[in-house]
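Here are a few notes to go with your first look at this one. Have the sequence and the 3D view open as you read.

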Amino acid sequence: MDTRSRGLSTSDIRILRTLLGRYAARYHLAGPEKDDLIEQMFQALASNPDIFFEIPVEKAAAETMHRIFSGR
C-alpha cells in the first residue's frame, strides 16, 4: 500500500512507522516479521478510518495490532 497517495508525507510515514514499531516491539518481532506486522497495521487502519472517531488513536493502534498478531 502506498500511504503517500493518501496524503501522508514522508516525515509522517516515518513517525507513524516509529510509533507502530514501538507497539510491535512487545511481540518480540524483528526484521521482516516486524515490518510485515507494521504494514498490515497500515492496511487495517486505512481500511477502517472511522475507528479513529470511536476510540483514541493509541488505543485503536494497540487493539488493531493485537488483533492482527493474534490472528497469525
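Predicted model: local features only at pLDDT ≥ 70, side-chain atom pairs only at ≥ 80, totals over all residues.

**Notes on the fold**

1. Helix α2 covers residues 31–47, 17 residues in total, and runs 25 Å from its first C-alpha to its last. That is close to the 24 Å expected at 1.5 Å a residue.

2. Now turn to the side of α2 that is hidden. Leu-37, Ile-38, Glu-39, Met-41, Phe-42, Ala-44 and Leu-45 are buried there. What do the buried residues of α2 pack against? Their partners are α1 (10–25), α3 (51–54) and α4 (57–70).

3. Stepping back, the protein chain has 4 helices and 0 strands, so in sequence order the pattern reads α-α-α-α. Of its 72 residues, 31% count as buried. Take the contacts between residues at least 6 apart in sequence: 56% of them join residues at least 24 apart.

4. The structure holds 1 aromatic pair. Tyr-27 and Phe-69 make up this pair, and they are stacked, at 4.2 Å centre to centre with 25° between the planes. Tyr-27 sits in the loop between α1 and α2 while Phe-69 belongs to helix α4, so the pair ties together parts 42 residues apart in sequence.

Note on methods. Residues numbered from 1 in each chain as written. Heavy atoms only, no water. Helix = DSSP H or I, 4+ residues; strand = E, 2+ residues; numbered from the N terminus. Expected span 1.5 Å × (residues − 1). Buried < 20%, exposed > 50% of the residue type's maximum accessible area, 1.4 Å probe, protein only. Contact = heavy atoms within 4.5 Å. Phe/Tyr/Trp six-rings, centres within 6.5 Å; stacked < 30°, edge-to-face > 60°.
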